[in-house]
Amino acid sequence: MSVENDKILTEVTQNEYKYGFTTSIETELIPKGINEDVVRLISAKKEEPEWMLEFRLKAYRHWLTMKMPKWPHLKLPEIDFQDVIYYAAPRKKPKYDSIDEVDPELIDTFNRLGIPLDEQKHLAGVAVDAVMDSVSVKTTFRETLAELGIIFCSFSEAVKEHPDLVKKYMGSVVPYTDNFFATLNSAVFSDGSFCYIPKGVRCPMELSTYFRINAANTGQFERTLIVASDDSYVSYLEGCTAPMRDENQLHAAIVEIIAHDNAEVKYSTVQNWYPGDKNGKGGIYNFVTKRGICKGDNSKISWTQVETGSAITWKYPSCILKGNNTTSEFYSVAVTNNHQQADTGTKMIHIGKNSKSTIISKGISAGLSQNSYRGLVKVLKSADGARNFTQCDSMLLGDKCGAHTFPYLEIDNESAIIEHEATTSKIGEDQIFYCNQRGLDTENAIGLIINGYAKEVLNKLPMEFAVEAQKLLQISLEGSVG
Amino acid sequence: MLEIKNLHANIEGKEILKGIDLIVKPGEVHAIMGPNGSGKSTLASVLAGRDIFEVTDGSVSFLGKDILDLPPEDRARMGMFLGFQYPVEIPGVSMVNFMKAAINEHRKYNNLDPLSASDFLKLMREKKEIVEITSTLTNRSVNEGFSGGEKKKNEIFQMAMLDPKLAILDETDSGLDIDALRIVASGVNKLRTQHNATIVITHYQRLLDHIVPDFVHVLYKGRIVKSSGKELALELEEKGYEWIKEQY
C-alpha cells in the first residue's frame, strides 16, 4: 500500500504477547524421548488401570508405523520426537481438595492469565478446569455441577472414577488409528477435561478448560471428552497460552464430542498459544484433532474458533452428522502474522437425512504469514436432503503474506444442496483514510475493520470470550498495517 | 481559521495543485467550483492529510497551527471534517460503534471523558433529526448497501455528530436527487454558526441555491483563477467553464 504504511509494516511488526511469562515452580519431568517404557511410565505416574495402558500401547505401536502428514500447505520442519519431554507436572500434590492447598505460584500464574481458581473470585457462571503442562490443577464449581448430575473433572480422574463412560466413549469419534498426531496423543496424553451431561439437563454455566504450557522442552498432549446425553445442552470454552521461548514446543491434542438425541453442544476456542517472535523464532506447533459426532437425531454441534496463536496451526474441527435432522456449524477466524502458518478448516460428514451444516471461515493474513482454509463437505448416499452452506473469506494485510483456499466436495446423494461462496479482500487504503478522517488512528482503524470483518464469527462466542477475542485480534495484528 | 499559502501537491510525480492561496474565516461559506480534473478533490484530500498526495511546496495553517506534518486523525480531532465524494463501505462495523469510536477519540484529544452510552444515544437521536435520517440507517454497517443519497446524508449526519470547526464537503451534491439535495443542504445550513466555516466543493450551481456561499472560487489547472461573491456561480451556470478555459 502506501509508503508510510509500508514503513510501519516493516518497523513495528512486533506482537505484544502478554502471556509470555514463565512460572518458576518445581516441576517433575520424565526423561526426553518416547518408547514403550515411557508410555508405561506415564501410565504408571497417573496410576492408571490396565485397560488404559493397553489403549496407550496399542496407539504407540500403531504410531510407529505412521509418518507425519505431508499434505498440509505448511512448511513443516523436521520434528525430532525423541527430543521432546512427554510428561511434566508441577511437583507436589497433583490434585487439590481446597484452594488453600494449591501452590501460591500456581494460583498466581492463573490469576495473571485472568483465570482465578478461587470460586469466590471467579467470573460468575463459568466453571474452569485449569491444566498446567501435563496435569489438571483445579476444577472449579464441581459440587454445584454435581448436584445436577453433571460430571466435570480432569480426564485422569474420569479414568479412575467413571471408567465405564471413558471406556465407552474414548476413541469412539477419534480412533487411536486416526492420524499421526491423534495416534501420538493416544499413546502419551497426560490429562485434559472430561464432561458428561446427563439426560435432559441444561448445563447452567459455561464449562471451560484453560491450558497452559509452562515447562520448557515439553510437549503438551491433552484430550477432552464431552458427552451430551439425550435432550441436554452444554456450552464449552477452551483457552490456551504458553510462555515465550526460543525453541518450538509441540502441542497435539484431541477433542471428542458425542451428542445424543436432541442434544446440543457448543464448543468455543480462543487459541492464543505463543506464535513465535517477529523473526519466526520459537512458538508452538499446534496439531490438534477435534471431532464431534451428532449421533442422535436432531442433535447439534457447533464449533467456534478464534485462532491467533501458534507458529504452526494444523486443525480441522469436524462433525459427523450421523443422526437425522442433525445440525453442525463451524465458525472460524484465523489470524496469522509475521512468520505464522495456519492450515485450518473443517470436515462435515453428512450421513443422516436432512442433516445441515454451515461453514463460515474468515482468514486474516498479515506480515509474512501463510493462511490456508481446508474444508471437506462429504455427503453419503444415505443423506437425503442434506444441505451445506460454506462461506470462506480471506483478507490480506500487506503484500508479503498469502491466503489459500482448498475446498473439497464429495457428494454421493443427488438431493443434496451445497453452496460455496468465497471472497478475498484487502483492507483498503481508502477505508483506513476514511476512519483516520473521523479521528481514528490507523491501528484503531484496522482493529475496527478487522472486527467488522470477523463479526459473524465473534457474535457466536459467549459474551466474556467475545470481548477478549476482539482485543486479541487487534493485538495480533498490531503493527501489521499494510 | 484556515490559511493556505502557495500550496503545491503531487500524486505519483504528477503536479495537481500548482500554488493555491485561500483564506477562510469563521462564519464563512466558500464554494470551490471548476471543471473536472481541475484539482478540487485533490485540494480536499490534501487538506485532510491523505498520504497518497505529496505536498511539495507551500503551507496550510488551521486554527493557527501548521498542519501539513500532522496525521489525518489529528487534523480531524482538531475539528476538520471532510465529507467524502465517495464514502467507503466498512462491512460489519455498525454506524453506532463507528461514531462512538470517533466521538470518543475527539473527546480524548480535547481532554474530555468518553461519552456515556446514554448521552451518546441521546446525541445520536438529536443529530439524526437534522438530516432526517432513520434509525434503520444508523443500525446498519457503515455505508454498506446504502444508496448514493443515503451515503451523502450519512456524511452530513457524521458532520453533525462531530461538530467540526471546518467542514469540507467534496461534491456532496453528486448523485443526489432534488429531495436528497434539499435535505443535505438544509442539514448543512442548520449546522452553520458564527464560529464554524464550510468549504463546498461542487461542479454545479444547483447546490449553491440551497447553501448560499459568501465567496465563490474557480479552480482551474491547479490554481484558483477567479474569486468573487455568489454571483460568480450564477455566471458560471450561465456561461459554462469554456470562457475560463479560454482565459487561462
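Visitor: Over what distance does helix α7 (residues 178-191) of chain B reach from its first C-alpha to its last?

Guide: Helices (H or I, at least four residues) and strands (E, at least two) are DSSP runs, numbered from the N terminus. The expected span of a helix is 1.5 Å times one less than its number of residues. Helix α7 of chain B has 14 residues, for which 20 Å is expected, and its reach is close to that, at 20 Å.

Visitor: Which residues are used for the totals for chains, interfaces and linings?

Guide: Residues are numbered from 1 along each chain as its sequence is written, while chains are lettered from A and ligands numbered from 1 in the order in which they are written. Side-chain values use heavy atoms, with hydrogens and water left out, and this is a predicted model in which local features need pLDDT of at least 70, side-chain atom pairs count only at pLDDT 80 or more, and the totals use all residues.

Visitor: Which residues of α7(B) are buried?

Guide: Buried means under 20% relative accessible area, exposed over 50%, and partly exposed in between (1.4 Å probe, protein chains only). What covers the buried residues of α7(B) includes α4 (117-130), α6 (148-162), β9 (166-170), β10 (197-201) and α8 (206-210) of chain B. The buried residues themselves are Ala180(B), Leu181(B), Ile183(B), Val184(B), Ala185(B), Gly187(B), Val188(B) and Leu191(B).

Visitor: At the start of α7(B), which residue has a side-chain oxygen that reaches to the backbone nitrogen of Asp179(B)?

Guide: A polar contact is a pair of N or O atoms within 3.5 Å; within protein, one must be able to donate a hydrogen and the other to accept it, and residues adjacent in sequence count only if both atoms are side-chain atoms. The oxygen reaches to within 3.1 Å of that nitrogen and belongs to Asp177(B).

Visitor: Which three residues supply 36% of the area that chain A buries against chain B?

Guide: Buried area is the accessible area (1.4 Å probe) that two parts lose on being put together, summed over both. Between chain A and chain B it is about 2200 Å², with 62% from carbon and sulfur atoms. More than any other three residues of chain A, the contributors are Phe433(A), Tyr434(A) and Arg438(A).

Visitor: Which residue of chain A forms a salt bridge with Arg50(B)?

Guide: A salt bridge is a side-chain nitrogen of Lys or Arg within 4 Å of a carboxyl oxygen of Asp or Glu. The rule finds 2 across the interface of chain A and chain B. In the one formed by Arg50(B), the closest N and O atoms are 2.8 Å apart and the partner is Glu429(A).

Visitor: Which element gives the most to the side of chain A that touches chain B?

Guide: Between the two chains, 13 residue pairs are in polar contact (both at pLDDT 80 or more). On the side of chain A, the elements that give two or more residues are α9 (429-437) and α10 (442-453). With 8 residues, the one that gives the most is α9(A).

Visitor: Is Asn436(A) buried or exposed?

Guide: Asn436(A) lies in helix α9 of chain A, and a polar atom of its side chain is 2.9 Å from the backbone oxygen of Leu440(A). Contact means heavy atoms within 4.5 Å; beyond its neighbours within four places in sequence, Asn436(A) is in contact with residues including Pro72(B), Glu73(B) and Ala76(B). Its relative accessible area is 6%, so Asn436(A) counts as buried.

Visitor: In which strand of chain A does Ser332(A) lie?

Guide: At 2% relative accessibility, Ser332(A) counts as buried. Leaving aside neighbours within four places in sequence, its contacts include Gln305(A), Ile360(A) and Val457(A). Ser332(A) lies in strand β16.

Visitor: What is the phi of Asn298(A)?

Guide: Asn298(A) lies in the loop between β12 (283-294) and β13 (300-307) of chain A. At 40% relative accessibility, Asn298(A) is partly exposed. Although Asn298(A) is not a glycine, its phi is positive, about 60 degrees.
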